[in-house]
Amino acid sequence: MSPLEAWVLVLLVIGSIEGNVKSSDGSVSGDAGASSLSSKSVRELKSMLKELKGDSKGVLEKSDLVQRVMEAQKTCSYKVKSSSTKDEGKDSKPSSSSSSSSSSSSVMIGKPFATTIAGLKCIQLQTGKHPKGTMILLHGYGANANDLASVATLLASQIKAAEASSSSPSSSSSSSGSFGAAMRFIIPQAPIQLQPGMESYAWWDLDVTALMTKAITNGPDGLFSGQTPEALEHTTNLLKSIIEVEREQFRIPYHRIAIGGFSQ
C-alpha cells in the first residue's frame, strides 16, 4: 500500500469514528466531512491537500481550503477503488501465457541443448516439432557428451537432405522405411568422471595396465574375452530408462529408436 492510499484509509476511518456518513462511491458526505476538517489548522489542511496531490494555490479562506481537501479525498478514493477493481480483475483472469507455456514443450528445435534424462546429463537435438524417431549416441572412454554434438548435427542435416531427395517428384525410391526429417538425437554423458576437474567420463572403470598386459599375452583378439564389466548391467538399465522416456514423452516406438556410438 502506497503512502497516499494509507493516508486515504486513515481519513476514512477517522470520519467513520466521528459519525461521518459515506456515500455509495466511498467518499465522505459533505456536512460531516466539512465539520471534521474545519477543526484542523490551515497548515494541517495544506499538508493533507499536498499528500492528496491537490493544489492550494489561490485559496484565501479556510472554508475554501476545506472544500479543496474534500474534493481531493473524493478523487483519490475513486482512484484507489478503481485501481483495486482492476487488480482484482487482473488476478482473477487466467494467464494465457502461463497456461500456454505449461502445455507447450520446452524442447528447442534445430539446435543442440543440454538437459537431463533419467538422471543422466545429455545433449539433445530435435529437428522438428513432431519427431518420428530417436538416435541415441554413446561417447567412448574418456570423452563426454559435447564431443558428439557435431556428429548429431551432421547426421541430422544428412537425414533432412535424404528425406527431401526421396520425397521429390523425380525420385522413385520409397521413403516408407525412413525415420522422416523430424528426429531426435540424444547424447547421454557417462556417469563416471575419470579425473576431477577434467571433462573425461566413462561408462565403467577400466584397468588399463591389466588390459595392456593381457593384450601382450593373448593378443588383441583375446583382449576382452571372458571379461564382463561390473557396471554393464547398470549402464544397460540407464539406456533402457532413456528409451522409456522417449516412448512416454514423444510416443516413439521401439523400432524407431536406434543406439550407436564408440567403444568403451
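Arg251 is exposed, with a relative accessible area of 65%, where exposed means over 50% relative accessible area, buried means under 20%, and partly exposed covers the range in between (1.4 Å probe, protein chains only). This residue lies in the loop between H8 and E7, and although Arg251 is not a glycine, its phi is positive at about 55°. Helices (H or I, at least four residues) and strands (E, at least two) are DSSP runs, numbered from the N terminus. The structure is a predicted model, in which local features need pLDDT of at least 70 and side-chain atom pairs count only at pLDDT 80 or more, while totals for chains, interfaces and linings use all residues. Residues are numbered from 1 along each chain as its sequence is written, and side-chain values use heavy atoms, with hydrogens and water left out.

Ala118, which is not a glycine either, has a positive phi of about 55°, and its place is in the loop between E1 and E2. With a relative accessibility of 37%, Ala118 counts as partly exposed. Most residues other than glycine have a negative phi.

## The chain as a whole

The protein chain has eight helices and seven strands, and 32% of its 264 residues count as buried. Among contacts (heavy atoms within 4.5 Å) between residues at least 6 apart in sequence, 61% join residues at least 24 apart.

## The five-stranded sheet

Five strands form an open sheet in the order E1-E2-E4-E3-E7, with mixed pairing; two strands are taken to pair if DSSP finds at least two bridges between them. The edge strands are E1 and E7 (257-261), each of which pairs on one side only, and the twist averages 30° from one strand to the next. Helix H8 (residues 232-250) packs on this sheet, where H8 touches E1, E2, E3 (133-138), E4 and E7, and its direction makes about 150° with that of E4. Such angles run from 0 to 180 degrees between N-to-C directions, with axes being lines fitted to C-alpha atoms, for helices over the stretch in contact.

E1 (residues 113-117) and E2 (residues 120-126) pair in the antiparallel sense over five bridges, and Ala114 has Ile123 in E2 as its bridge partner. The two strands form a hairpin with two residues between them, and Ala118 is in the turn. On the way across the sheet, E2 is joined to E4 (residues 183-188) by five bridges, and these two strands run antiparallel; Gln124 stands opposite Ile186 in E4, and Leu125 stands opposite Phe185 in E4. E3 and E4, by contrast, run parallel and are joined by four bridges, with Ile136 opposite Ile186.

Leaving aside residues up to four places away in sequence, Ile186 touches Ile117, Cys122, Ile123, Gln124, Thr134, Met135, Ile136, Leu137, Ile242 and Glu246.

The largest nonpolar core has 20 residues, and those with the most contacts inside it are Leu120, Ile136, Ile186, Trp203 and Ile242; a nonpolar core is here a set of buried Ala, Val, Leu, Ile, Met, Phe, Trp, Tyr and Cys residues joined through side-chain atoms within 4.5 Å. E1, E2, E3 and H8 each supply at least two residues of this core, and H8 gives the most to it, with five residues. A second, separate core of 11 residues includes Ala152, Ala156, Phe185 and Ile187.

## Charges over rings

Two arginines sit over aromatic rings, under the criterion that NZ of Lys or CZ of Arg is within 6 Å of the ring centre and within 35 degrees of the ring normal. The charged end of Arg184 sits over the ring of Phe250, 3.8 Å from its centre, whereas Arg247 lies over the face of Tyr254, at 4.2 Å from the ring centre.
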